[in-house]
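Trainee: I'd like to learn how to read a model like this one. Can you walk me through it?

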Amino acid sequence: MRAHVVLAEWLLVPRALGFSSDANGGFRYDDGDLTAAASIDPRTQHFEIQRAERRDSDSDSTSFGRRRKAESSARAKLCRMVGQVSAPPRGVVILDFGAQYSQLIARRTREARVYSEILPYDASWAEIEKRNPAAIILTGGPESTLGPDSPGMDPRILKSGIPLLGICYGMQLIARDLGGELVPLGHAEFGPAQLENDAPQSSLFAGIPATSRVWMSHGDSVVTPPAGFTSLAHTARCAIAAIGDEKRKIFGVQFHPEVVHSEFGKSVIENFLHGIAGIDGSWEMDSFVDRSIAEIRARVGDARVICALSGGVDSAVAATLVARAIGQQLTCVFVDTGLLRKDEAKNVIEAFRDVLHLNVIAIDATERFMARLAGVVDPEEKRIRIGHEFIAIFEEESNKIDDVRFLVQGTLYPDVIESKTPGSKAGHKIKSHHNVGGLPETMKLELLEPLRTLFKDEVRKAGAVLGLPPAIVARQPFPGPGLAVRILGAVDAQRVATVRQADDIVTTEIEAVADSLTPRPWQYFAVLTPLQSVGVMGDGRTYADLVAVRAITSEDGMTADWARLPHELLERISTRIVNEVQGVNRIAYDITSKPPATVEWE
Ligand code: XMP
């Protein structure tokens, strides 16, 4: 005997709830106890459960009461799965042909409040279709479309009727595949150029002035657009700098609208997303947070979850999001390595335990870390030892909790893309980054990564929506191995105390005026060098430590410039450190960018 339930609830991401596709384009759910059938409404794009059945253990029963009971428990179970979920906005698929700027394209679409996902250029049509994109963007790439093995796109993209924008290589690919003509340029065109808008009436260039500055970077050029396309713009060195077919909603731009150097690039992208593809721009943090909470609830059910808190913004937001979804089923483990900034351990524990009421186990492991680091001077060795010790402690603590099934990680979107897209797989290892996110594969836990679609600035927004204190949300990045990589040479309690005190002065002084500095420094700290130099204090000779001050401007830490701090500010920092921090008699300011230097000194 089966109990039937008819439900029409909207819900998000069928797969996240354990549904699988069936042969008729619908979805099925079966966990042995509950079965359900669902489909996507082609008009609203909403996911709808049409029918759910719960297998009744007493299969001979014809009792009305029993049937009602089974029916209402099926309904309750489904309602719990569904949660309070609104339908996701339709987004954009960005196909990455190995461009330097793919992430920037994703950022720009998100800034236009349109959800976007980057897929490798060779993603299967099924992968693309599954996302039901409202538009597709093809990125630039290092190859030439004229080369023998140039990366191509699935022909179904061009036939799909989905609005399409090709950028640089993407435009050339559209032109090539639809029968246009391309030639290699005698000289590649790099850098700024003046764009002449030849089609002010075109929907892509609506509101763009007759001339504007754009950023070019290409070796080939389209010389004849494909049938049905018109040329929309040119530059002095590029006769066809944009093409479009209004009817089919397929466009290409040779320049890079995603970089800030393209004056009206943002408008071009917005014209495409809103005007041409008709996407309404409703991707907002509040709805992201609500949907994530419902998804986490659905996935976790009654299971227990652990999370390693580092005090950094990513693990803080991830933990809070999960806690909102499942409350006391989450246990956070906070390991004080003894290598944190001044008062950091205390503040983190207070914020999470007393303000956010999370379940936090705090371990003071200072001595264990000091013992592991004794006499170690090699930066990689330090990083590795700290990482291992951290994992050992985390495992010990989580083994004390029964029935843990999930581990929360604060993985962000750039990490996800990094491991998936072409052109980013190679590269030398510069540093072994240790994050609480890179935790134990040996633990055989399922991963919960609620931030894996977000960029760092979006994580901060999500944190604010969740009500995290500004001190946590606005916190500057801090390396997993902590102050150990800001102490060159051996680490001991005394040297940790020295760098911690100097760091506190740097931070306090810069923060006091940071809002008036443009650009606002992105990260700032002190480094204790292994150098001593001669000085004079009072009437006596000193031979004491050299502290370096590092302050950078950056967007994401991938590249950075040294911050042009006002001299009076540097003077205050210097005077305070030599006066207040014992054993330091000289301050140097780091004036190297990244590259060639890195942000941290080790
Ligand atoms: P580098 O020194 O690689 O730093 O130029 C780039 C950014 O990353 C931070 N950083 C780390 N972050 N775990 C982290 O989570 C680490 O091991 C780590 N090492 C460096 C650094 O502070 C800068 O913001």
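Trainee: How many contacts beyond four places in sequence does the model have for residues 421-427?

Mentor: This is a predicted model, so start with the predictor's confidence in each residue, the pLDDT. Over residues 421-427 it stays under 50, and the model has 9 contacts there beyond four places in sequence. Residues 83-87 also stay under 50, with 10 such contacts. For the protein overall, the average pLDDT is 86, and 85% of the residues score at least 70.

Trainee: Okay, now strands. Is β19 mostly covered or uncovered?

Mentor: Here's the general idea: in a regular strand, side chains alternate between the two faces of the sheet. As for β19, residues 404-408, this strand is mostly covered, with 4 of its 5 residues buried.

Trainee: Which strands does β19 pair with?

Mentor: One is β16, residues 304-309, which pairs with β19 in the parallel sense over 4 bridges. Cys307, for instance, has Val408 in β19 as its bridge partner. Another is β20, residues 446-448, joined to β19 by 3 bridges and also running parallel. There, Phe406 has Glu446 in β20 as its bridge partner.

Trainee: What is His261 in contact with, leaving aside neighbours within four places in sequence?

Mentor: Arg213, Val214 and Trp215. Arg213 is 48 residues from His261 along the chain, yet their C-alpha atoms are separated by 7.3 Å.

Notes:
Residues are numbered from 1 along each chain as its sequence is written. This is a predicted model: local features need pLDDT of at least 70, side-chain atom pairs count only at pLDDT 80 or more; totals for chains, interfaces and linings use all residues. Side-chain values use heavy atoms; hydrogens and water are left out. Buried means under 20% relative accessible area, exposed over 50%, partly exposed in between (1.4 Å probe, protein chains only). Helices (H or I, at least four residues) and strands (E, at least two) are DSSP runs, numbered from the N terminus. Two strands pair if DSSP finds at least two bridges between them. pLDDT is the predictor's confidence in each residue, from 0 to 100. Contact means heavy atoms within 4.5 Å.
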